[in-house]
Amino acid sequence: MKKDRWLLRAVVLLVLSAGLMTTASLAAEAGSSGDPLVTLSYLNDTFFNTIMQRVDQKIAERTGQAIPGGTSSSAASFTVVTLSQGQTLAGDVGCEVMLRVGSAVCVSPSDPGLIDETTGSTLADGASLVQNHLYMMTIEGRGVRASSATTKVLARGSYTVA
């Protein structure tokens, strides 16, 4: 009879210790100081994405623009460009211009010339720009020629003046 109590006590002690160990392991937070093990999937899926988002935010803060897939050497904000009559501003793909003072016409070897982002239409070669409309150059070789003595445009992106 005493042997049965000893066996019963051993079984109860074993069940209690198993329960305590299970509770302690469930209470430990993954990746904490109590459980410092970090898996490769955590690094690839969570940590790496968080770090990359922070890097993109810092780059965007410093350059003043959002950077979806890399860096760009073009201007992040608009620059005032003053053109004399007959001068041409030729922009790279993605360059945007807005006519502010004077008058200007579209310069394009083929259609479409410029995209009028304000109305969603296109502008053909020789057509006049409308003041305060935003135009984009979507193909190389597009530009804006000043047709008044003093023309001022806002330009964003890479461009050359000739």
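Two strands pair if DSSP finds at least two bridges between them. Strands (E, at least two residues) are DSSP runs, numbered from the N terminus. The model is predicted: local features need pLDDT of at least 70, side-chain atom pairs count only at pLDDT 80 or more, and totals for chains, interfaces and linings use all residues. Residues are numbered from 1 along each chain as its sequence is written, and side-chain values use heavy atoms, with hydrogens and water left out.

**View 1. An open sheet of 6 strands.**
The strand order is β1-β9-β3-β7-β5-β6. Pairing is antiparallel. Axes are lines fitted to C-alpha atoms, and angles run from 0 to 180 degrees between N-to-C directions.

**View 2. Strands β3 and β7 side by side.**
β3 covers residues 96-101 and β7 covers residues 134-136. The two run antiparallel and are joined by 3 bridges. M98 has L134 in β7 as its bridge partner.

**View 3. An open sheet of 4 strands.**
Here the order reads β4-β8-β2-β10, again with antiparallel pairing. β4 (104-107) and β10 (159-161) are the edge strands. Each of these pairs on one side only. Neighbouring strands of this sheet are turned by 20 degrees against each other on average, direction ignored.

The bridge partner of V105 is R145, in β8.
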